[in-house]
Amino acid sequence: MRLFRRSFLILPVLSVLHVAAQDNSPYSRYGLGDIIPAGNASTRGMGGISAGFRDPLFMSVNFGNPASYSNTWALKERTTGRLEAGRVVLDVGVNIDSRTLREPNNPQRFTSTNAQFSYVQLALPLKQNWGLAFGIRPLTRVGYKQVRNERLTDPNTGQQIENATTEFSGDGGAFLPTLGTGFAIKNFSAGINVGYLFGKKEISTRRTIINDTVLYNPGRFTNRSSFGDLFLNAGIQYSIPLNTETRLVLGVAGNWKQVLNASQDISRETFVRGAAGEEFRLDSVYIQNDIEGEVIYPASFTYGFTVSHDATQTGKGWLIGADLGQTQWSQYRFFGAADSVSNNWTIRVGGQLSPSLKGYTSRGYFQKVTYRAGFFTGTDYINITDTKGQLKQLPVMGVTFGMGLPFGGRNAYSRNQTSMINLGLEYSRRGDADSRLKDNLFRVSASFNLADLWFGKRRYD
């Protein structure tokens, strides 16, 4: 019950963070928007590795590979084999992003800050080597607003005739609530998530023509789309003991190409603005609602491994790992239309060091802290022309750092409760010197991990 009471205190904070979002990323115009990292705060501090990661203390939920759900901590009764006690984990994450956009050969830059919730996950054991997890997380986000001042040209004569201001804006994103399970048979683990992927995407263009003698009403061109359908992703892991304290875990996770039902509203109209900036429709040139269609979400797979060392006598531990991720964005279609996206790949490398795995029995606080670091590099899914007029994918790279900070002391009435704050710091860059727009991102990821033993039977002497 304490676990649930703490979660209810956190959820209102997540709502405020989501409302306070002020992101502005022109690249989110493509596909379903900017992709939000598919990992918890622990793995983000290690470059984002997830395919072969299994939390040795089970203090976080690795929804990047549902096979890891089998790693739940549980005890069974000796006589009946039933579950005697198990650790239940609540993992809640938030993000704070600071994005800086800059054009080549232009000293000016634009910086925006965005705060929103990252994920909410709850995991519990069903039996030894069999776990259940459920939660919700955002997959993508669309958010941008750009203004362009230009002089229109007569298509017949080629003469410049009018001044115009054009505003491009977008809003939306995709979310994925899931229910998953993972089980292990000896060294082999498998898991699956079943969810409902849903979202919306609204793209608007507003144009105002400026003339000294003729009054033109501004025009608004809007496409509003919504989509949603069942979504499946799965994963496997295989654990290989190298010695009594060192273990190699191989992992594969991902989803295949899936088709989502979608609906779209299209409007072309003129409007007027009120004194407070609100917009009122003046005349509708073209309106069509409830256009049925499909969104094809591409297949994506991640292959990776981790090598972990847990010294039971000294209490020290370390972990290193790497992932290769590939997404077939060439499969993506939005109401039958392709976009400026193409297949991409990412390599992620990271690790963590735990001076003491004994947790609260360690004397010094910094002996309890877990330290993480990593990096990633690859190509972005966006494929657009650069300043030289060549069509190419945007390069991406980034470095990460993280810490696992235990907090709170032992509760005399709930001795099995443990709590931890996981912090992840990430600096990434999208684009290079030839890109029309360079995107630098600094992200702070934080998760609140609350764990408690459930299902324990009371015994009396």
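Author: The largest nonpolar core has 22 residues, and those that touch the most other members are L32, L197, F227, V295 and Y332. A nonpolar core here is a set of buried Ala, Val, Leu, Ile, Met, Phe, Trp, Tyr and Cys residues joined through side-chain atoms within 4.5 Å, where buried means under 20% relative accessible area, exposed means over 50%, and partly exposed is in between (1.4 Å probe, protein chains only). At least two residues of this core come from each of β6 (160-185), β8 (219-241), β10 (258-273), β11 (279-297) and β16 (370-385), and β16 gives the most, with three residues. Strands are DSSP runs of E with at least two residues, numbered from the N terminus.

This is a predicted model, in which local features need pLDDT of at least 70 and side-chain atom pairs count only at pLDDT 80 or more, while totals for chains, interfaces and linings use all residues. Residues are numbered from 1 along each chain as its sequence is written, and side-chain values use heavy atoms, with hydrogens and water left out.

Leaving aside residues up to four places away in sequence, Y332 touches G31, L32, V295, I296, P298, A337, A338, D339 and V341, a contact being heavy atoms within 4.5 Å. In soluble globular proteins, nonpolar side chains tend to be buried together.

Nonpolar side chains are also grouped on the surface, where a patch is formed by F188, I236, Y238, L250, V252, W256, F301, Y303, F305, L324, W345 and I347, with about 1,000 Å² of accessible area together. Patches are made of residues with over 30% relative accessible area and no salt bridge, like charges being joined within 9 Å and nonpolar side chains (Val, Leu, Ile, Met, Phe, Trp, Tyr) within 5 Å; the areas come from the Shrake-Rupley method with a 1.4 Å probe, and for residues only the protein chains shown count as cover. Two or more residues of the patch come from each of β8, β9, β12 and β15 (344-354), and β12 gives the most, with three residues. F305 lies in β12 and counts as partly exposed because its relative accessible area is 33%.

Strand β9 (residues 246-255) and strand β12 (residues 300-310) run antiparallel and are joined by 10 bridges, with F305 as the bridge partner of L250. With strand β13 (residues 317-327), β12 pairs in the antiparallel sense over 11 bridges, and there H309 stands opposite W318.

The salt bridge of R430 and D439 spans 2.9 Å, N to O; R430 is buried at 9% relative accessible area, and D439 is buried at 2%.

Methods. Pairing = 2+ DSSP bridges. Helix = DSSP H or I, 4+ residues; strand = E, 2+ residues; numbered from the N terminus. Salt bridge = Lys/Arg side-chain N within 4 Å of Asp/Glu carboxyl O.
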